[in-house]
Amino acid sequence: MPAPCFKIEKAFPEPLAGVDEAGCAPLAGPVVAAAVILDRARFPRGINDSKVVPVKDREAICARLYKVARVGVGIATVEEIDRLNIYWARMLAMTRAVEALGFDPAWVLVDGNACPRWERPSKAIVAGDAKCRSIAAASIVAKVTRDRIMADYARDYPGYGWETNKGYPTPDHCRALKALGPTPLHRQSFARVREQMQLDLLPAAIAAE
């Protein structure tokens, strides 16, 4: 499959920001979004959808982006995910990412099928991280940032494997959730976490009868 390029982006005015997020599916941790404005004459090689870029390459590209591009990062917390739901938390994180750029870009291209409810000129691009270089760059920054956050959280809450599974519902994470119970960083609005919390409360409820 061809790598992302500037073909779609060239139809829009500059400065143009690509926006993407990481962390919608995990059972734990925040959702993180990034907004990236690339210099089309000076950008790192190897930019692609973060899911197909090896970890070491993602880290190197992310570091380079902070040197040659304008980067903004936005985070929606676990509490916000539970209060708003993951869809609107995702939109909130993307809004914060664009705001973190420090100025309004002329246009914003967002990965997915919908843009946040904002006034700025923007367009949603389905599978944008595989088509648009700026969105792909944002996907890398969002993924690297969130992975680092989850690795830090893994030291605070050992046993869940977040240093490797990043909070996704892998077999090892699900086993730990069952054995150790949910942490404050688990998304209580997610069915698997909510069900485990109810099971954890069951013995106390029975004893109280």
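Q: How many aromatic pairs does a search of the whole structure find?
A: This is a predicted model, where local features need pLDDT of at least 70, side-chain atom pairs count only at pLDDT 80 or more, and totals for chains, interfaces and linings use all residues. Residues are numbered from 1 along each chain as its sequence is written, and side-chain values use heavy atoms, without hydrogens and water. Rings of Phe, Tyr and Trp (its six-membered ring) pair if their centres lie within 6.5 Å. For the whole structure, the search gives five aromatic pairs.

Q: Are the rings of F6 and F43 stacked or edge-to-face?
A: A pair of aromatic rings is described by the distance of the centres and the angle of the planes. Planes under 30 degrees apart count as stacked, over 60 as edge-to-face and the rest as tilted. The centres of F6 and F43 are 5.3 Å apart and their planes stand at 85 degrees, so the pair is edge-to-face.

Q: How many residues apart are F6 and F43?
A: F6 is in the segment before β1 (16-22). F43 is in the loop between β2 (31-37) and α1. Strands (E, at least two residues) and helices (H or I, at least four) are DSSP runs, numbered from the N terminus. The pair links distant parts of the chain, 37 residues apart.

Q: Is F6 buried or exposed?
A: Buried means under 20% relative accessible area, exposed over 50%, partly exposed in between (1.4 Å probe, protein chains only). F6 has 8% relative accessibility, so F6 is buried.

Q: Which residues does T145 contact, leaving aside its neighbours within four places in sequence?
A: T145 sits in helix α4. T145 is buried, because its relative accessible area is 17%. Contact means heavy atoms within 4.5 Å. Beyond its neighbours within four places in sequence, T145 contacts V32 and V73.

Q: Are α1 and α4 roughly parallel or roughly perpendicular to each other?
A: Helix α1 (residues 55-68) and helix α4 (residues 133-156) pack at about 110 degrees, with axes 9 Å apart. Axes are lines fitted to C-alpha atoms, for helices over the stretch in contact, and angles run from 0 to 180 degrees between N-to-C directions. Under 35 degrees counts as roughly parallel, over 145 as roughly antiparallel, 65 to 115 as roughly perpendicular and the rest as oblique. So α1 and α4 are roughly perpendicular.

Q: What separation do the C-alpha atoms of V126 and N113 have?
A: V126 lies in the loop between β5 (122-125) and α4. V126 is exposed, with a relative accessible area of 52%. N113 is 13 residues from V126 along the chain, and their C-alpha atoms are separated by 5.4 Å.
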